[in-house]
Amino acid sequence: MSKAFLAQVIQDSIGCTGVAANQAAADLVASIVKEMKKKGGFTLPSFGTFTVRKTKARKGMNPRTGEPVKIKAGKTVRFKASPNLKKAV
């Protein structure tokens, strides 16, 4: 799913212009990202839950050269589908 897909669905649903639908889709994505940064997660009922998890620093390997590489600690996003979504799919 892309932002363009969301904009098209919004445009078809409410009959607005493409510019307004693109702005609405961009605002939706931005608000979800803002909520995840602020609270560390986002739940969309009957769809699923997005959570932010911290990753530890670790050692990796450059697949091209085979030399070891240090990977810094960071954050990643996890998604857990709701039971309703699992049934629907």
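Lys59 stands opposite Lys70 in β4, and β4 (residues 68–71) is joined by four bridges to the antiparallel strand β3 (residues 58–61). Strands here are DSSP runs of E of at least two residues, numbered from the N terminus, and two of them pair if DSSP finds at least two bridges between them. The model is a predicted one, in which local features need pLDDT of at least 70 and side-chain atom pairs count only at pLDDT 80 or more, while totals for chains, interfaces and linings use all residues. Residues are numbered from 1 along each chain as its sequence is written, and side-chain values use heavy atoms, with hydrogens and water left out.

**Strand pairing**

- Strand β1 (residues 41–44) pairs with strand β2 (residues 48–55) in the antiparallel sense over four bridges, and Phe42 has Phe50 in β2 as its bridge partner.
- Three residues lie between β1 and β2 in their hairpin, where Ser46 in the turn has a positive phi of about 65°.
- β2 is also joined to strand β5 (residues 74–81), to which it runs antiparallel, by eight bridges, and Thr55 has Gly74 in β5 as its bridge partner.

**Domains and their interface**

- The domain assignment of the chain gives domain 1 (1–39) and domain 2 (40–88), with bounds that come from an automatic or database assignment; the centres of the two domains, taken over C-alpha atoms, are separated by 23 Å.
- Six residues of domain 1 are in contact with six residues of domain 2, contact meaning heavy atoms within 4.5 Å.
- About 480 Å² is buried between domain 1 and domain 2, 74% of it on carbon and sulfur atoms, where buried area is the accessible area (1.4 Å probe) that two parts lose on being put together, summed over both.
- Of the area that domain 1 buries against domain 2, Ile32, Met36 and Lys39 supply 84%, more than any other three residues.
- Across this interface the rule finds zero salt bridges, a salt bridge being a side-chain nitrogen of Lys or Arg within 4 Å of a carboxyl oxygen of Asp or Glu.
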